[in-house]
Amino acid sequence: MWSKKGVAVAAALVLSGTGLQAAPVITGWNTDNVAVSTAINGVAGESVIYDRAPGEAGARSSGKVVFDGSESDTPGLKIVNDAAPGVPPSNGDVYNCVMANSPASCNSAKQSGKRLKFQRTGHEATDLVFNLNPDGTFSTAGNDGLYKFFTAFGNATDGRLGSFQVSLGTGVGTGFVGSGIGDGLSFKQSFDGREPNNSQFSALFANGLFGDIDDVHTITGYFSQARAGFDMAFTGEDRFVSTGLFGDYASLFGPMLSYGELPLGFFYDSDGNADTDDVLVAHQLADGSWVQNREILGDGSVATLAYGHDGIAYDSLDALLIALSAGGLQSCADVGAGTACLAGADSIDDLAKFNLTFFVDPTGFDGDQFTLRIESSAVPEPGSLALAALALGVAGTLRRRRG
């Protein structure tokens, strides 16, 4: 009698002449432990993830996937198999991915809405379950069977995020069983014999906050030209953990902020288009004063004046507005579409989230489901720590202005 894996091997031999590739295929997100809402009239929807069926007594949640109904839609997550190459194709293209349920695909351009928006709301385990067909087929010749996870990880808890970890297994809640060594399910830890690069395994804050000029960003990061994020390490084939912040984030803000602690920034709409990213030009300090790290040039472009908290200081928002308006710029509320304008002050979401990227390898797994478990720890934050962190100032990055 053949084992299930033996049948899969035999199927691969049969299918090799048809162009189909036999391998475990993720067929969908199993939402048996998820309560899914919808996005209505501009109010974001959410898929709240529980430790059991949502209707069961005692069901608890520490995480959710959110979606806005336009850039991403219900349930906020989709699986793509046999992804078409990018235009133009690149050596970073992947065959399969788990991403936001958006019009984009795995190999779409940067900033095309690929990242599913996961938010931590507590610090108990959050279990995302995926259905798997162990005898599935890929239609693309040479499909490696790996899945790239495009995730934006947000801190929607009531305090600062200290650390996080991600592991593989089966089941949810108290029924979760960690993946075992050699069971065919693991995280991909090397690529062609090399350690993964940032596009394969990383936890990075937005480039517009900390980063250099690249093919998407025409100006260096608002606070630093160097990247910032979480260092991470594998602790076996089925688990990785954060090992601390790197870059200037911690020195400027302390541990990772939550959405409830977001400071204000002042934004400039460089193209008069409400659907494109506005540019951060100044940030507010805890005492109410403002610092301008970017200047708006006569041709409408933006240039860096300083990094950190070393820009031009203003006693108030009114004083900043007078300076920014001196070149003739008006509030976006007072001009028509297509005119560059001052978009105003708003919270800086990218301070409370980072882009988490990794690969899952299910190619030898013969189960029909697997679980991605996300856990995190809080940072005890006495009042003195909070005041000290805020006294250093606040920061910002690119944001999307709606309407």
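**Close-up views of a predicted model**

View 1. Asp-192 is exposed, with a relative accessible area of 71%, where exposed means over 50% relative accessible area, buried under 20% and partly exposed in between (1.4 Å probe, protein chains only). This is a predicted model, in which local features need pLDDT of at least 70 and side-chain atom pairs count only at pLDDT 80 or more, while totals for chains, interfaces and linings use all residues. Residues are numbered from 1 along each chain as its sequence is written, and side-chain values use heavy atoms, with hydrogens and water left out. Asp-192 lies in the loop between strand 14 (186-187) and strand 15 (202-204), strands being DSSP runs (E, at least two residues) numbered from the N terminus. Although Asp-192 is not a glycine, its phi is positive, at about 55°.

**View 2. Gln-111 in the loop between strand 7 and strand 8.** Gln-111, which is not a glycine, has a positive phi of about 60°, and it is partly exposed, with a relative accessible area of 46%.

View 3. A disulfide is counted where a pair of cysteine sulfur atoms lies within 2.5 Å. Cys-97 is joined to Cys-106, S to S 2.1 Å, and the torsion about this S-S bond is about -90°, so the disulfide is left-handed. Cys-332 is bonded to Cys-341, with the sulfur atoms 2.0 Å apart, and here the torsion is about 90°, so the disulfide is right-handed. Cys-97 and Cys-106 are buried, and both Cys-332 and Cys-341 are buried.

**View 4. The largest cavity and its lining.** A cavity is a set of points on a 1 Å grid over the protein atoms alone where a 1.4 Å probe fits but cannot get out, and lining residues have an atom within 4 Å of a point. The largest cavity has a volume of about 70 Å³, a volume being the space filled by probe spheres set on the points, which are joined across faces, edges and corners. Its lining includes Leu-116, Phe-149, Thr-151 and Phe-358, and strand 11 gives the most to this lining, with three residues.

Technical notes. 1 Å grid on protein atoms, 1.4 Å probe; cavity = no way out; pocket = protein on both sides within 12 Å on 5 of 7 lines; lining within 4 Å. Helix = DSSP H or I, 4+ residues; strand = E, 2+ residues; numbered from the N terminus.
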